[in-house]
Amino acid sequence: MKTMWAPWRMDYILGDKEEGCIFCKTLSGQDELNLFRGKVTMVIMNKYPYINGHLLVAPIRHLATLDQLSKDEMGDLLLTVEQSVGILKKVMNPDGFNVGLNLGKVAGAGVEEHLHFHIVPRWFGDTNALTVFADVRVIPEHLKVTYNNLKPCFEQLVL
């Protein structure tokens, strides 16, 4: 097996798990990885990403299921996902994306109490879904560098 270093993941693996909702903490200003807060939605970077640029898009309102969203919230949420993909295309130039929801713990939701989309940029030659099984990840850029590259674009979003 190849060894690739991602030392910030050790905090997640061995550390105490945060109490409360990470998205609601972000709204109260307790998260340094918040990229965007609109009237209905927010965008934060995943603190323990699968790859650089792994974003989380969530409604402001604390809810766990799609059927709790109003039609307007659903539209704004999808628009925020679409615009986030556009920013990642512009700033990071990926070859594709994985975009999705994990609804419920059995489906892989790490934070099941607050609905959120994952946006994961992908490049030819990067790690792939098999890395989940092979325990190999390559994250070549520090989170704060990625944040600093993305933040100016998110500051221009109006939703």
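Reader: What should I know about numbering and cut-offs?
Author: Residues are numbered from 1 along each chain as its sequence is written, and side-chain values use heavy atoms, with hydrogens and water left out. In this predicted model, local features need pLDDT of at least 70 and side-chain atom pairs count only at pLDDT 80 or more, while totals for chains, interfaces and linings use all residues.

Reader: Where is T146 placed?
Author: In helix 5, residues 143-155. Helices (H or I, at least four residues) and strands (E, at least two) are DSSP runs, numbered from the N terminus.

Reader: Buried or exposed?
Author: T146 is buried, at 1% relative accessible area. Buried means under 20%, exposed over 50%, partly exposed in between (1.4 Å probe, protein chains only).

Reader: And which residues is T146 in contact with?
Author: Leaving aside neighbours within four places in sequence, M45, N52, G53, M92 and E141. Contact means heavy atoms within 4.5 Å. M92 is 54 residues away in sequence, with a C-alpha to C-alpha separation of 8.9 Å.

Reader: New topic. Which residues touch the most other members of the largest nonpolar core?
Author: L35, L55, L150 and F154, out of 24 residues. A nonpolar core is a set of buried Ala, Val, Leu, Ile, Met, Phe, Trp, Tyr and Cys residues joined through side-chain atoms within 4.5 Å.

Reader: Which helix gives the most to this core?
Author: Helix 3, with six residues.

Reader: What lies apart from it?
Author: Another core, of nine residues, including C21 and L56.
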